[in-house]
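Here is a short report on rings, a pocket and a core. Look at the model first, then read on.

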Amino acid sequence: MGTRNTRIDGRPADKLSVVFTVRVIEGGEQGFLEAYDQLRESVARTPGHIVERLGAPLDDSREWVITSEWQTAEHFFAWQQSEEHRALVAPLRQWVDSTQSLRFRVVKETEGVAS
């Protein structure tokens, strides 16, 4: 079991999970993936970033899911509001016709045993 992050005031800091769904335009999968790769490399170097995942649809819905986890909400919002973030997501927009974003603090976490 891992240790919890601590805020500056000494209280435990909840990790933040972000779920971002995007509907990729028909035929835009390759362009979307290329633009996403640029964003992925940048976010991996961002302070407070823990993990990023991209999920492809199993059906023909064109709904992709990007999930990320951050040490704190402050880390995520600092990155999201940066000029670098705005520049990186701009190319993604041409490949997407709808989006939805959910953000939530992690209050419980269960880790499985790898087989």
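How many nonpolar, polar and charged residues are in the lining of the largest pocket? The lining has 13 nonpolar, six polar and four charged residues. Here Ala, Val, Leu, Ile, Met, Phe, Trp, Tyr, Cys and Pro count as nonpolar, Asp, Glu, Lys and Arg as charged, and the others, Gly among them, as polar.

This is a predicted model, where local features need pLDDT of at least 70, side-chain atom pairs count only at pLDDT 80 or more, and totals for chains, interfaces and linings use all residues. Residues are numbered from 1 along each chain as its sequence is written, and side-chain values use heavy atoms, without hydrogens and water.

**The pocket**

The largest pocket has a volume of about 450 Å³. Of its 23 lining residues, F20, L39, H85, V89 and L92 are the closest to its centre. A pocket is an open set of points on a 1 Å grid over the protein atoms alone, where a 1.4 Å probe fits, with protein on both sides within 12 Å along at least five of seven lines; lining residues have an atom within 4 Å of a point. The volume is the space filled by probe spheres set on the points, which are joined across faces, edges and corners. α3 (83-93) gives the most to the lining, with five residues. Helices (H or I, at least four residues) and strands (E, at least two) are DSSP runs, numbered from the N terminus.

**The aromatic pairs**

The structure holds five aromatic pairs. Rings of Phe, Tyr and Trp (its six-membered ring) pair if their centres lie within 6.5 Å; planes under 30 degrees apart count as stacked, over 60 as edge-to-face and the rest as tilted. Two of the pairs are shown here.

| Pair | Centres | Planes | Class |
|---|---|---|---|
| F32 and Y36 | 6.4 Å apart | 25 degrees | stacked |
| W70 and F76 | 5.6 Å apart | 65 degrees | edge-to-face |

F32 and Y36 are four residues apart in helix α1 (residues 29-44), so about one helical turn separates them.

**The core**

The largest nonpolar core has 18 residues. Such a core is a set of buried Ala, Val, Leu, Ile, Met, Phe, Trp, Tyr and Cys residues joined through side-chain atoms within 4.5 Å. Those with the most contacts inside it include F32, W70, F76 and W79. α1 supplies the largest share, five residues.

How values were computed
Buried means under 20% relative accessible area, exposed over 50%, partly exposed in between (1.4 Å probe, protein chains only).
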